Amino acid sequence: MPKHGPLKEKIQGLIDAVMALDGVVGCALISREGRMLGSTLGENVPGSVLAAMSATVAASTDAAASILHMKNPSLVLCESEDGTLSIA
């Protein structure tokens, strides 16, 4: 088995668990640094752009919380008419 086999299996297990939730149509696991770790989004979705945007939003909300003397948020929601993007 490759060196990173167990980690890849754990990542896939997390993605599978999210995909099993009612209403979820896609999932990407992205590091706080903006590295795509795993995804079900397919080749038509620019993963590097999504990863960079997600990391930027997470960092921005952390900075805003710090300014307001709050703990970092555990979840950021971006809602539109046809879906919700969750950054956790």
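Mentor: Strand S4 gives the most residues to the lining of the largest pocket, five of them. Before you ask away: this is a predicted model, where local features need pLDDT of at least 70, side-chain atom pairs count only at pLDDT 80 or more, and totals for chains, interfaces and linings use all residues. Residues are numbered from 1 along each chain as its sequence is written, and side-chain values use heavy atoms, with hydrogens and water left out.

Trainee: Okay, which residues are the closest to the centre of the largest pocket?

Mentor: A pocket here is an open set of points on a 1 Å grid over the protein atoms alone, where a 1.4 Å probe fits, with protein on both sides within 12 Å along at least five of seven lines. Lining residues have an atom within 4 Å of a point. The space in the largest pocket is about 790 Å³, counted as what is filled by probe spheres set on the points, which are joined across faces, edges and corners. Of its 25 lining residues, the closest to the centre are Gly 26, Cys 27, Ala 28, Leu 85 and Ser 86.

Trainee: And which elements give two or more residues to that lining?

Mentor: Helices (H or I, at least four residues) and strands (E, at least two) are DSSP runs, numbered from the N terminus. The elements on the list are helix H1 (5-19), S1, helix H2 (47-67) and strand S4 (83-87).

Trainee: Is Asp 62 buried or exposed?

Mentor: Look in helix H2, where Asp 62 is found. Buried means under 20% relative accessible area, exposed over 50%, and partly exposed in between (1.4 Å probe, protein chains only). Asp 62 has 12%, so the word for Asp 62 is buried.

Trainee: Which residue does Asp 62 meet in a salt bridge?

Mentor: A salt bridge is a side-chain nitrogen of Lys or Arg within 4 Å of a carboxyl oxygen of Asp or Glu, and a search of the whole structure finds one. Asp 62 lies in helix H2 and its partner in the loop between S1 and S2, so the pair ties together parts 30 residues apart in sequence. At 2.1 Å, N to O, the partner is Arg 32.
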